2 protein chains.
Amino acid sequence: MAEHMDKLSKQLLNKGYKLTPQREATLRVLLENEKDHLNAEEVYMLVKAKNPNIGLATVYRALELLSGLHIVEKINFGDGGARFDLRSDDQPHMHHHLICTRCGKVEEIMDDWLLPMENRIEREFGFKVTDHRLDFHGVCRECNAKERERARKAVS
Amino acid sequence: MAEHMDKLSKQLLNKGYKLTPQREATLRVLLENEKDHLNAEEVYMLVKAKNPNIGLATVYRALELLSGLHIVEKINFGDGGARFDLRSDDQPHMHHHLICTRCGKVEEIMDDWLLPMENRIEREFGFKVTDHRLDFHGVCRECNAKERERARKAVS
DNA sequence: CTGGCTGCAAATGCTTTGCACTGCG
DNA sequence: CGCAGTGCAAAGCATTTGCAGCCAG
């Protein structure tokens, strides 16, 4: 984790940006909540808890900066309000999401299924893919179970 | 096209909504610009051209209604501002997009590659997929060509 | 002292809401 | 009448921008 933080800092520095306490705090929050798909407001709250003087605009600016450097990815599920994910560099692309339309939970799944598709797109359309984004909407295991439960009761 | 309009109207009526002139005009605009990924403002402009008294809010309300009925799909590329696509019912799911990061052009490509993946997700995660969304970001054929051209000149 | 970075407040831009009005059943 | 649907203006919300101040090099 600490090493991860180190590596991220260096990425910033290499591009000529300073690692300010605010940016470090923002990165740290993203790192500590890697699985949570935080939105800007949530990142702000968490950063503010450690660093009460920070302004919301600064968090936005940090997130935009990091997103431009492809250190975090900015995602947009249907709700207004973007969400931010740390982007681990052992994944060449974004990871994919299972979004439950019942309970709103977002699960992550892994990559690599799409590489053949990317090759095909390049061949057929002359389109050189640099990134992709794949989301599935549906009903998660838990909500499925609840649904079946409800159906069972309705019968009895 | 006219039959298509008919079918869409019936979908509205069947759900208990009226086919008002405003809603019809909105549908017609979407139908006539099926390939264009219009945003709300653009739909509004086009509807207003035929129907000058309509209000922006009404267009938003129509689009939201149609989107709720899955007659149109509301998509969100990275730019602020949702875009709207008519959803043809011979495609069970959304179609996919090739988004050029150079010129912003959006191409559509067809579906059906993902069905095996959906099956796998249901087996492995217990997640019943009802819909998916797949976008590729990259550089389109034209921008690729321009880029190569530029590189060639730089050498000479 | 210079330029990057910050906080604050104001501005922006898309979208939604409140409300009074209208027309159809 | 009752109620869905409408237009207009105002509100709402996430995000961006302007600007003065600050700090490291």
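## Protein around DNA strand C

DNA strand C is surrounded by 18 residues, and the closest are A:Thr20, A:Thr58, A:Arg61, B:Tyr60 and B:Ala82. Of the atoms of DNA strand C that come within 4 Å of the protein, 74% belong to sugar and phosphate. The model is predicted.

| Residue | Atom in the side chain | Atom of DNA strand C | Distance |
|---|---|---|---|
| A:Thr20 | polar atom | phosphate oxygen | 2.6 Å |
| A:Thr58 | polar atom | phosphate oxygen | 2.3 Å |
| A:Arg61 | N or O atom | base nitrogen | 2.8 Å |

Which elements give two or more residues to the surface near DNA strand C? In chain A they are helix H2 (21–32) and helix H4 (56–68). In chain B the element is helix H4 (56–68). H4(B) gives the most, with 4 residues. By class, this surface near DNA strand C holds 8 nonpolar residues, 6 polar ones and 4 charged ones.

### Strands and domains of chain A

Strand S3 of chain A spans residues 83–86. S3(A) pairs with strand S1 (residues 38–39) of chain A in the antiparallel sense, over 2 bridges. There, A:Asn39 stands opposite A:Arg83. Strand S2 (residues 72–75) of chain A also runs antiparallel to S3(A), joined to it by 4 bridges. In that pairing, A:Ile75 stands opposite A:Arg83.

Are the side chains of S3(A) buried or exposed? In a regular strand the side chains alternate between the two faces of the sheet. On one side of S3(A) are A:Arg83 and A:Asp85. On the other are A:Phe84 and A:Leu86. All four are buried, and both faces of S3(A) are covered.

Chain A is divided into two parts: domain 1 covers 1–90 and domain 2 covers 91–156. The centres of these domains, taken over C-alpha atoms, are separated by 24 Å.

### A loop residue in chain B

Where is B:Leu19 placed? B:Leu19 sits in the loop between helix H1 (2–14) and helix H2 (21–32) of chain B. B:Leu19 counts as partly exposed because its relative accessible area is 28%, while buried means under 20% and exposed over 50%.

Leaving out residues up to four places away in sequence, B:Leu19 touches B:Ser9, B:Leu12, B:Leu13 and B:Glu24. B:Leu8 is 11 residues from B:Leu19 in sequence. In space, the two are 9.6 Å apart, C-alpha to C-alpha.

Notes
Residues are numbered from 1 along each chain as its sequence is written. Chains are lettered from A and ligands numbered from 1 in the order in which they are written. This is a predicted model: local features need pLDDT of at least 70, side-chain atom pairs count only at pLDDT 80 or more; totals for chains, interfaces and linings use all residues. Side-chain values use heavy atoms; hydrogens and water are left out. A residue is near a molecule or strand if one of its heavy atoms lies within 4 Å of it. A polar contact is a pair of N or O atoms within 3.5 Å; within protein, one must be able to donate a hydrogen and the other to accept it, and residues adjacent in sequence count only if both atoms are side-chain atoms. Ala, Val, Leu, Ile, Met, Phe, Trp, Tyr, Cys and Pro count as nonpolar, Asp, Glu, Lys and Arg as charged, and the others, Gly among them, as polar. Buried means under 20% relative accessible area, exposed over 50%, partly exposed in between (1.4 Å probe, protein chains only). Two strands pair if DSSP finds at least two bridges between them. Domain bounds come from an automatic or database domain assignment. Contact means heavy atoms within 4.5 Å.
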